[in-house]
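Q: I'd like to go through this model piece by piece before I set anything up with it. Can you take my questions as they come?

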Amino acid sequence: MKAIVLHAFGPPENLSYESLPDPAPRFGEIRIRVHAATVNRVLDVALRAGTQGHRKPVLPLIPGVDCAGVVDALGEGVTCFKVGDHVAAAGGMPLNPCPEDGAGYDGPQGMMGIKRPGGFAELVCVPAFKAHSLPINLDFHAAAVVMRHCPTAWNLLVNIAKTKPGDWVLIMGASGNLGAVGIQIAKNICGARVICAAGSGARAEAGLALGADHAIDYTTKDIRAELLRITGGHGVNVLYDNIANPKVLPQAFLGLGEGGRLVTAGAHGGPVVPIDFFHLYDHRITIQGMPGSRASDLPLCFQAAAEGKIKAPIAHVLPLSKAAEAHRMMESDPGMGKIVLDPTLD
Ligand SMILES: NC(=O)c1ccc[n+]([C@@H]2O[C@H](COP(=O)([O-])OP(=O)(O)OC[C@H]3O[C@@H](n4cnc5c(N)ncnc54)[C@H](OP(=O)(O)O)[C@@H]3O)[C@@H](O)[C@H]2O)c1
């Protein structure tokens with residue numbers, strides 16, 4: 001098979017496109033013919049550069065922390081999938097063989113693409129219980145991106161903020177990964193009224209194109225005043241942040257109304273933000289941070305995507321051989337959207 005191999009941390013050129021023996025699925029594993037693997041700023045680009053040492057990546061490494069594709073071969077003991085099934089897999093998983101349902105496994109764990117071979121390859125093996133069935137009408141590129149971003153957004157908006165139909169929801173970072181799916185989940189799953197905010201007119205417009213009812217470019221408008229104007233003076237019920245921009249979030253926070261909920265899973269624009277505690281207690285506001293997601297939400301995300309309720313924000317799809325170029329593109333453009341590698345493309 002063809003695969004990307006990282007032999008040493010360093011520049012994008014260190015991602016070499018190589019021919020390797022096909023991997024054989026071990027006991028309890030399936031082999032996936034990869035059709036999509038996402039490229040990520042931290043888990044791929046920063047990892048390759050060598051700034052993610054705390055994750056203890058094992059070199060030489062086939063990167064790629066997720067994949068979507070077709071089951072191509074079954075290891076001994078696997079009955080829950082058959083060859084030809086459409087699946088996706090990501091994240092932490094056992095490093096040693098284990099039963100197909102993972103029962104009783106207490107050995108070492110690690111992420112694919114960091115501690116075990118990842119998705120930047122034509123073929124990858126994963127434990128069967130870490131693979132998720134895909135709706136047959138969901139394309140692989142969308143599935144990989146949905147798997148990466150939707151469960152976190154879904155957890156924040158549905159489970160944590162408990163967004164109800166008719167709620168006013170403010171989505172920060174309208175054109176970002178979590179922002180783009182957050183707009184669609186708030187609107188199409190929760191039935192909320194959605195206001196999105198971003199740091200340029202074009203990025204705010206992108207939020208409108210995804211279904212937001214209103215958009216605020218906070219570089220030209222007073223976000224608090226706009227929130228109060230749009231909501232008739234009530235303020236929003238939910239503020240979905242994930243950025244912690246210290247210049248913007250304090251004003252957005254003042255646009256939260258009575259009983260408002262601020263939810264977040266990220267702070268790359270901060271992390272320290274001054275918050276008006278008078279507004280916090282006076283309006284009985286709740287702030288809840290919640291990284292991660294619930295496994296039970298992933299099939300709901302896939303189904304919503306298959307039904308067209310969530311469109312995956314994909315900027316580029318490139319062949320596997322262009323992995324180094326994908327990394328360069330991300331490094332040169334901080335606003336670059338999602339890049340997907342497809343090993344079936346030439
Ligand atoms: N993606 C996930 O699934 C996931 C899961 C768990 C946690 N997180 C965390 O959630 C956060 C957002 O992730 P993401 O993938 O949505 O990020 P992203 O798409 O890279 O960026 C989201 C938004 O952040 C703003 N931004 C970017 N760089 C900034 C900077 N240097 N200073 C201030 N604002 C900046 C931009 O919005 P403006 O238009 O306002 O400038 C951008 O659209 C990150 O901290 C990430 O670690 C992400």
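Q: Let's start with P127, so in which strand is it found?
A: This is a predicted model, and in it P127 belongs to strand β8, which covers residues 123-127.

Q: Is P127 buried or exposed?
A: P127 counts as buried, because its relative accessibility is 1% and the cut-off for buried is under 20%.

Q: What does P127 touch, leaving out residues up to four places away in sequence?
A: With those sequence neighbours set aside, P127 is in contact with G28, E29, M93, P94, C98 and R116.

Q: And how far is P127 from H54, going by C-alpha atoms?
A: Their C-alpha atoms are separated by 24 Å, and the two residues lie 73 residues apart along the chain.

Q: Switching to helices, which residues of α5 are buried?
A: In helix α5, which spans residues 223-230, the buried residues are I223, E226, L227 and I230. They lie on the same side of α5, because the arc they cover around the axis is only 100°.

Q: What covers those buried residues of α5?
A: The cover includes the strands β10 (168-171), β11 (193-198), β12 (214-217) and β13 (236-240), together with helix α6 (249-253).

Q: Now α1, which of its residues are buried, and what do they pack against?
A: Helix α1 runs over residues 41-49, and its buried residues are L43, D44, V45, A46, L47 and R48. These pack against the strands β1 (2-6), β2 (15-19), β3 (29-39) and β7 (109-111), and also against the helices α2 (140-160) and α9 (323-332). After α1 comes G50, with a positive phi near 100°.

Q: How do α2 and α8 pack?
A: The axes of α2 and helix α8 (residues 298-306) are 9 Å apart, and the packing angle is about 120°. The two helices are therefore oblique to each other, and their crossing is right-handed. From α2, the residues A143, V146, M147, C150, P151 and W154 meet L298, L300, C301, F302, A304 and A305 of α8.

Q: And at what angle do α2 and α3 cross?
A: They cross at roughly 50°, and the axes of α2 and helix α3 (residues 177-189) come within 9 Å. This pair is therefore also described as oblique, and α2 passes α3 in a right-handed crossing. Among the α2 residues that meet α3 are H149, C150 and W154, while the α3 side includes N177, L178 and V181.

Q: What about K162 and A244, what phi values do they have?
A: K162, a residue other than glycine, has a positive phi near 50°, and A244, which is not a glycine either, has a positive phi of about 65°. Most residues other than glycine have a negative phi.

Q: Where do those two lie, and is each buried or exposed?
A: K162 lies in the loop between α2 and β10 and is exposed, with a relative accessible area of 54%. A244 lies in the loop between β13 and α6 and counts as buried at 7% relative accessibility.

Key
Residues are numbered from 1 along each chain as its sequence is written. This is a predicted model: local features need pLDDT of at least 70, side-chain atom pairs count only at pLDDT 80 or more; totals for chains, interfaces and linings use all residues. Side-chain values use heavy atoms; hydrogens and water are left out. Helices (H or I, at least four residues) and strands (E, at least two) are DSSP runs, numbered from the N terminus. Buried means under 20% relative accessible area, exposed over 50%, partly exposed in between (1.4 Å probe, protein chains only). Contact means heavy atoms within 4.5 Å. The arc is that of the directions from the helix axis to the C-beta atoms. Axes are lines fitted to C-alpha atoms, for helices over the stretch in contact, and angles run from 0 to 180 degrees between N-to-C directions. Angles under 35 degrees count as roughly parallel, over 145 as roughly antiparallel, 65 to 115 as roughly perpendicular and the rest as oblique. A crossing is left-handed if the near helix is turned anticlockwise from the far one by less than a right angle, and right-handed if clockwise.
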